[in-house]
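User: I would like to learn how to read a model such as this one, feature by feature. Could you take me through it slowly?

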Amino acid sequence: MLRMNMVDQSALRSQLDAIQTMTAMIVEKPKVGDKNSGFDVLYHNMKHGQISSKELSDFIRERATIEEAYSRSMTKLAKTASNCSQLGTFAPVWDVFKQSTEKLAACHMELVRKLQELIKEVQKYVEEQAKNHKKTKEEVSSTLEAVQNIQSVSQALQKSKENYINKTLEQERMRKEGATQRDLDKAGLKVKKATETYKSYVEKYATAKTEFEQRMTETAQKFQGIEEEHVLRMQEIIHSYCQSVEETHIQIGEVQEEFVKNMENTSVESLIQKLAESKGTGKERPGPIEFEECNVSVATEGAKPRKRKTFAIPGRRRDKDTDSTDSEDEDEPRKFHVQIKPVQTNNGTHQHKATIDELKASIGNITLSPTPAVRDASHQHTRHV
């Protein structure tokens with residue numbers, strides 16, 4: 001009886017070691033990449049690709065916004081240069097600054113246009129990517145079921161293994177402690193049941209493993225193709241981005257080179273020449289002037305007649321100011337009437353003297369005109385008297 005127990009124990013040990021060796025290659029302790037989580041990693045990596053595409057689009061859009069703001073600032077700076085003083089020798093230099101700054105603004109605005117076109121391309125790719133991901137999710141649904149199946153079987157297998165080991169060790173402990181045969185038989189039945197359950201899950205795991213590997217291989221290749229296409233499209237977008245920026249830098253370099261040449265060609269002599277051309281009053285020198293002797297006869301004939309001065313009668317208000325510009329009133333002599341009382345011959349010398357005094361009193365305040373006509377007239381009146 002004791003010998004039979006020893007044989008049964010040895011066989012049980014050998015069987016246990018074989019099962020442990022077989023299952024050790026199937027179910028191991030958790031490590032990185034275990035628990036059949038590769039599908040989840042690849043699937044979420046595909047979703048992350050869509051996120052990265054949107055983020056790249058946002059990055060390019062932000063760069064375009066910065067370039068547009070810079071272009072507008074350069075345009076404003078060009079207007080500042082045009083508003084600078086256009087006086088003096090340095091004035092033409094501001095035109096060079098203005099033209100160069102406007103070209104730089106145009107270069108950056110052209111980059112904005114290219115980036116906006118590139119953003120449209122990225123957005124189109126994001127939409128295509130979303131459709132492909134939705135289609136892929138439907139195609140790999142069977143793989144997801146295989147993954148979930150093998151994960152479930154793996155967990156059940158691990159539990160059945162632990163139960164089998166515990167029941168076997170419990171039976172061995174009872175043997176060592178000298179338990180009754182009835183108790184040993186009950187323990188043996190539990191070990192047998194645990195062994196059958198453990199073996200069944202090993203078989204189920206093998207079947208699940210075969211299906212999982214087949215579907216996972218196909219799905220992994222599909223995910224790899226999606227990722228390869230995604231990386232290639234992202235590289236194309238980045239290449240277009242770099243090309244646009246590089247072309248802008250080349251244009252900026254050409255503008256800068258042109259600016260340097262214009263500054264080198266703007267010499268002191270050229271600035272002074274431009275000032276002379278724009279502000280010059282003439283290119284001919286003044287001619288010589290010789291002394292000309294005065295011709296009295298010609299000068300006399302060409303002289304303008306002097307204005308006649310009118311004489312005013314005391315107590316009479318002038319109708320017009322003698323300094324007025326009305327030449328007709330000044331040129332025409334004023335007419336006046338002088339009445340002289342006749343001489344009384346019968347009164348003698350005393351009476352004649354009184355008459356002369358009265359005549360002087362009546363005409364003593366009369367102002368005679370200096371013109372010959374007036375002078376002759378007054379002479380005639382005097383002679384008549």
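User: What is the mean pLDDT of the protein chain, and where does pLDDT fall below 50?

Analyst: This is a predicted model, and the place to begin is pLDDT, the predictor's confidence in each residue. For the protein chain the mean pLDDT is 76, and 65% of the residues reach 70 or more. Over residues 1-9 the pLDDT is below 50, and this stretch has 4 contacts in the model beyond its near neighbours in sequence. Residues 371-385 also stay under 50, and for them the model has 9 contacts beyond four places in sequence.

User: How many helices and strands does the protein chain have?

Analyst: The secondary structure comes to 10 helices and 0 strands, so that, read from the N terminus on, the elements run α-α-α-α-α-α-α-α-α-α. Of the 385 residues in the protein chain, 23% count as buried. As for contacts with a separation of 6 or more, 83% of them are between residues 24 or more positions apart.

User: How should I describe the packing of two helices, and at what angle do the axes of α3 and α5 cross?

Analyst: Two packed helices are described by the angle between their axes and by the distance between those axes. Here the axes of helix α3 (residues 91-139) and helix α5 (residues 181-265) come within 9 Å and cross at roughly 175°. Because angles over 145 degrees count as roughly antiparallel, α3 is roughly antiparallel to α5. Sorted by class, the contact of α3 with α5 has 20 nonpolar, 11 polar and 8 charged residues.

User: Which residues touch the most other members of the largest nonpolar core, and which helix gives the most to this core?

Analyst: A nonpolar core is a set of buried nonpolar residues joined through side-chain atoms within 4.5 Å. The largest one has 19 residues, of which F39 and F223 touch the most other members. At least two residues of this core come from each of α2 (38-82), α4 (141-176) and α5, and α5 gives the most, with 10 residues. Leaving out residues up to four places away in sequence, F223 touches F39, L42, Y43, M46, T136 and V140. There is also a second, separate core of 14 residues, which includes L56, I119, V122 and V126.

User: Is M46 buried or exposed, and which residues is M46 in contact with?

Analyst: For a single residue, one reads the relative accessible area, and under 20% means buried. M46, whose place is in helix α2, is buried, with a relative accessible area of 1%. Apart from neighbours within four places in sequence, M46 is in contact with H133, T136, F223, I226 and E227. The C-alpha atoms of M46 and E227 are separated by 6.9 Å, although these two residues are 181 residues apart along the chain.

How values were computed
Residues are numbered from 1 along each chain as its sequence is written. This is a predicted model: local features need pLDDT of at least 70, side-chain atom pairs count only at pLDDT 80 or more; totals for chains, interfaces and linings use all residues. Side-chain values use heavy atoms; hydrogens and water are left out. Axes are lines fitted to C-alpha atoms, for helices over the stretch in contact, and angles run from 0 to 180 degrees between N-to-C directions. Helices (H or I, at least four residues) and strands (E, at least two) are DSSP runs, numbered from the N terminus. Angles under 35 degrees count as roughly parallel, over 145 as roughly antiparallel, 65 to 115 as roughly perpendicular and the rest as oblique. Ala, Val, Leu, Ile, Met, Phe, Trp, Tyr, Cys and Pro count as nonpolar, Asp, Glu, Lys and Arg as charged, and the others, Gly among them, as polar. Buried means under 20% relative accessible area, exposed over 50%, partly exposed in between (1.4 Å probe, protein chains only). Contact means heavy atoms within 4.5 Å. pLDDT is the predictor's confidence in each residue, from 0 to 100.
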